[in-house]
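We will go from one selection to the next, with a short note at each stop.

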Amino acid sequence: MTQAEKGEAAAAENGKDKERDKEREQRGAKRPIVPAAVPESLQEQIQSNFIVVIHPGSMTLRIGRATDTLPVSIPHVIARRHKQQGQLTFKDTWLLREGLNKPESPEQRQNGLKMVDQAIWSKKMSNGARRIPVSPDQVRSYNRQMRPAILDHSSGTKWTNTAHHPAYLIGEEALYVNPLDCYSVHWPIRRGQLNLHSGPGGSLTAVLADLEVIWSHAIQKYLEIPLKDLKYYRCILLIPDIYNKQHVKEVVNMILMKMGFSGIVVHQESVCATFGSGLGSACIVDVGDQKTSVCCVEDGVSHRNTRLCLAYGGSDVSRCFYWLMQRAGFPYRDCQLAKRIDCLLLQHLKETFCHLDQDLSGLQDHEFQVRHPDSPTLLYQLRLGDEKLQAPMALFYPSMFGIVGQKMTSLQQRSQGDAEDPHDEHYLLATQSKQEQSAKATADRKSMTKPGGFEGDLRGQSSGIAENLYPPEVELGASHSDCIIGGNDSEEPLTAYMSRKTAVSQFEGKALGLDKAILHSIDCCASDDTKKKMYSSILVVGGGLMFHKAQEFLQHRILNKMPPSFRRVVENVEVITRPKDMDPRLIAWKGGAVLACLDTTQELWIYQREWQRFGVRMLRERAAFVW
């Protein structure tokens, strides 16, 4: 056969293939997603210098090249200039939140404080003696008579200069915008999720536009990458463990199609935290400014059943500390939670004074400075007792936050489904039940156990609920099948379904303390061996628990509250707060940078062309976790 004849034969074969594909499409047959042909230049070893790692937090954005030692950290906030004269100013709150001013709030705070005081008294100091409680009455009169001293007639801080009328301001500049200027202030992420609300700038489109502007500004200003060059760069995006699929899809679309990155890898914060700390398996406790998330990670997989998100964090401790200082006659009387400048001061006072050291007791004198723009620097004297220990203990007794009528605990929910992603978990669940129908009768005859796939006992405080919620998944393993509903939801008796739903809503309404959340998460692990592994490696990341002696305090509480059966077999409960002496706030970002260098990451990249063609289905194909 001549060369020309060979070419003609190949062309004819190719034509037949295309016709067959066309016929299949017309018949509606499912076609597999074939990875688009990647140019040879892209198949070469990825250069980490051309990978940008983005870790968006509620309070702080951490962004940098994968080769950077440390990321750039900026406040994750934007101030947008009003487009029309007389437009109402909208400001997202920081330390204030819904549910604080309900009639039941004061009583709930007091009850929480009583529990904290009882816990402080019951734990002995290292010398064996009991702590002597200090009443706020002992310091109130002293603090109230304190008057500030003027240190300097100029505070040295200034409002952001807006004389040139910039359309927007980012980070520190946004925080220091004069409240009288015509700017609205938005935090695009609250409690780990996109900050959607009914006010101005609260739509999904507006929040995505804010994220795009903040991230683009940071890339240009701090990483010195022109936006037109982003087509040569790729992005690693860190997302929460309990994520909203629709939101992740929209953010990925924004990064690839609007910002113009050539490729993206999406991975979970908890798994990246294990990469960043060098641990193979750990129970990850991420205490952020707005939320606290707990989940167990084993060999690069975040176990879905163990995921919990608590709707409180460092900012709630700051607000609680302010309430306690007010009870003690806080001398700076003009402090207001609605002012950003005062919120910054309260965060600083919490970080400076608060601790979890049982041995630090009695009254102590402190001083702090108030530096407001266009005002003199004021020096205040302040005497405090137990308030410095009580405030961070609110993380373990969250009723002390006084938040009423809000959803305080979130579990991983089944998604509502996406028209662009037909082969999602709903499809798998439906087809799985059909495949298993023939085997079901045989299985029922063989063993008459646990009707409806439920565990017989809910193990105390509904600890089995999370496990009963979801269909079997690849990451759980067969040994976990007892804990999960098998088959289709529609086959479950209505009464059982409703009672489960009620139990879940009751569980989610409760504000779990941090130690109880950790125990619950570990208890949801598949096997006793995994549980032992998690007890011996509890990794605390994020900036919300960076208090003196926090590691010893948390370790003591876990040891005291863990099930007796494990207390005998677990050799040591270890809480790690600074692995390799690293800043816990940067560990997850560092893990993203490590991910960029792994050979296995080559298979996870989603390229712009592929996203254009297949959309969200690429996340199901390429994500390193069960999408």
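## Stop 1

Select Gly263 and look across to strand S21, where its bridge partner is Tyr607. Before going on, note that this is a predicted model, in which local features need pLDDT of at least 70 and side-chain atom pairs count only at pLDDT 80 or more, while totals for chains, interfaces and linings use all residues. Residues are numbered from 1 along each chain as its sequence is written, and side-chain values use heavy atoms, with hydrogens and water left out.

Helices (H or I, at least four residues) and strands (E, at least two) are DSSP runs, numbered from the N terminus. Now colour strand S11 (residues 263–268) together with S21: they run antiparallel and are joined by two bridges. Two strands count as paired if DSSP finds at least two bridges between them.

Angles here run from 0 to 180 degrees between N-to-C directions, with axes fitted as lines to C-alpha atoms, for helices over the stretch in contact.

## Stop 1: the three-stranded sheet

Which strands form the open sheet with antiparallel pairing? Select S6, S4 and S7, which lie in the order S6-S4-S7. The twist averages 20° from one strand to the next. Zoom in on strand S4 (residues 78–81), which pairs with S7 in the antiparallel sense over four bridges; here Ile78 stands opposite His186 in S7. Helix H6 (residues 204–221) packs on this sheet, touching S4, S6 and S7, and its direction makes about 110° with that of S4.

## Stop 2: one face of helix H4

Show side chains on helix H4 (residues 137–144) and pick out Val139, Tyr142 and Asn143, which are buried. Buried means under 20% relative accessible area, exposed over 50%, and partly exposed in between (1.4 Å probe, protein chains only). Look down the axis of H4: the buried residues fall within an arc of 95°, so they line one face of the helix. That arc is taken from the directions from the helix axis to the C-beta atoms. The face turned away from the buried side carries exposed Asp137 and Ser141. Among what covers the buried residues of H4 are strand S16 (364–370) and strand S17 (377–384).

## Stop 3: Ser293

Where is Ser293 found? Go to strand S13 (residues 292–298). Ser293 is buried, with a relative accessible area of 7%. Contact means heavy atoms within 4.5 Å; leaving out residues up to four places away in sequence, Ser293 touches Asp241, Ile284, Val285, Asp286, Leu308 and Cys309.

## Stop 4: Ser48

Finish in the loop between helix H2 (40–43) and strand S1 (51–56), where Ser48 has its place. Is Ser48 buried or exposed? At 17% relative accessibility, Ser48 counts as buried. Apart from neighbours within four places in sequence, Ser48 is in contact with Ala66, Thr67, Ala596 and Cys597.
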